[in-house]
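Here are a few friendly notes to read alongside the model.

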Amino acid sequence: MIDSMTMLDDVAFAKAMLEKKTLSGADLVFALRNLLRMKYYPVAVKFFFAKDELDAFKKKADYKVSAHPFTFCHYLAASRQRGDILLSPEKGLGCTNAKYIFGWKGKDEGEIKSHLKYAKDMKQAEKIVDIKKRLPQNLLAFATAPLHNS
């Protein structure tokens with residue numbers, strides 16, 4: 001058991017956490033929020049590439065699905081601030097940049113133009129898009145949840 005004085009001393013608290021044999025989700029959240037001074041709960045993201053894994057999640061988790069497409073950032077914010085467990089297939093994602101990263105959309109002129117605000121010209125914007133890391137194109141869905149509920 002960690003006492004209040006230990007929790008007030010960041011070094012002692014970190015050492016006490018490291019001495020534990022296993023850390024629960026709550027331990028991780030508590031450590032991240034206190035040691036990193038996070039304002040909100042850390043969020044877990046799960047990417048589903050296998051149908052059986054997605055089906056198991058749907059049976060087990062108490063999740064919500066958006067009625068309208070949202071940005072990936074909105075999904076993270078809802079999990080972070082409201083504690084929602086959310087699931088989104090491709091049709092639930094409204095952000096073209098995230099769709100490109102998730103392999104749900106190919107490179108097109110719109111994607112390149114959306115990066116002009118970060119570049120000096122179209123050629124540089126296209127380079128930015130080309131060097132982005134992308135997930136494999138067989139992504140079925142993703143889920144977001146507060147780390148302690150994942």
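Which residues does Ser66 touch, not counting residues up to four places away in sequence?

1. Ser66 touches Tyr75 and Gly92, once residues up to four places away in sequence are left out. Please keep in mind here, and below, that this is a predicted model. You will find Ser66 in the loop between helix H4 (51-60) and helix H5 (72-82).

2. The side chain of Ser66 has two polar partners worth a look. It makes a polar contact with the side chain of Tyr75 (2.9 Å), and it reaches the backbone oxygen of His68 at 2.9 Å. With a relative accessible area of 18%, Ser66 is buried, because the cut-off is under 20%.

3. Now to a helix pair. The axes of H2 (residues 10-19) and H3 (residues 25-35) come within 11 Å and cross at roughly 160°. The two helices are therefore roughly antiparallel to each other, and their crossing is left-handed.

4. On the H2 side, the residues that meet H3 are Asp10, Phe13, Ala14 and Met17; their counterparts in H3 are Asp27, Phe30, Ala31 and Leu35. By class, this contact has six nonpolar, two charged and no polar residues.

5. At 15% relative accessibility, Asp27 counts as buried. Its side chain reaches the backbone nitrogen of Ser24 at 3.0 Å. Leaving aside residues up to four places away in sequence, Asp27 touches Met17, Lys20 and Thr22.

Key: Residues are numbered from 1 along each chain as its sequence is written. This is a predicted model: local features need pLDDT of at least 70, side-chain atom pairs count only at pLDDT 80 or more; totals for chains, interfaces and linings use all residues. Side-chain values use heavy atoms; hydrogens and water are left out. Axes are lines fitted to C-alpha atoms, for helices over the stretch in contact, and angles run from 0 to 180 degrees between N-to-C directions. Helices (H or I, at least four residues) and strands (E, at least two) are DSSP runs, numbered from the N terminus. Angles under 35 degrees count as roughly parallel, over 145 as roughly antiparallel, 65 to 115 as roughly perpendicular and the rest as oblique. A crossing is left-handed if the near helix is turned anticlockwise from the far one by less than a right angle, and right-handed if clockwise. Contact means heavy atoms within 4.5 Å. Ala, Val, Leu, Ile, Met, Phe, Trp, Tyr, Cys and Pro count as nonpolar, Asp, Glu, Lys and Arg as charged, and the others, Gly among them, as polar. Buried means under 20% relative accessible area, exposed over 50%, partly exposed in between (1.4 Å probe, protein chains only). A polar contact is a pair of N or O atoms within 3.5 Å; within protein, one must be able to donate a hydrogen and the other to accept it, and residues adjacent in sequence count only if both atoms are side-chain atoms.
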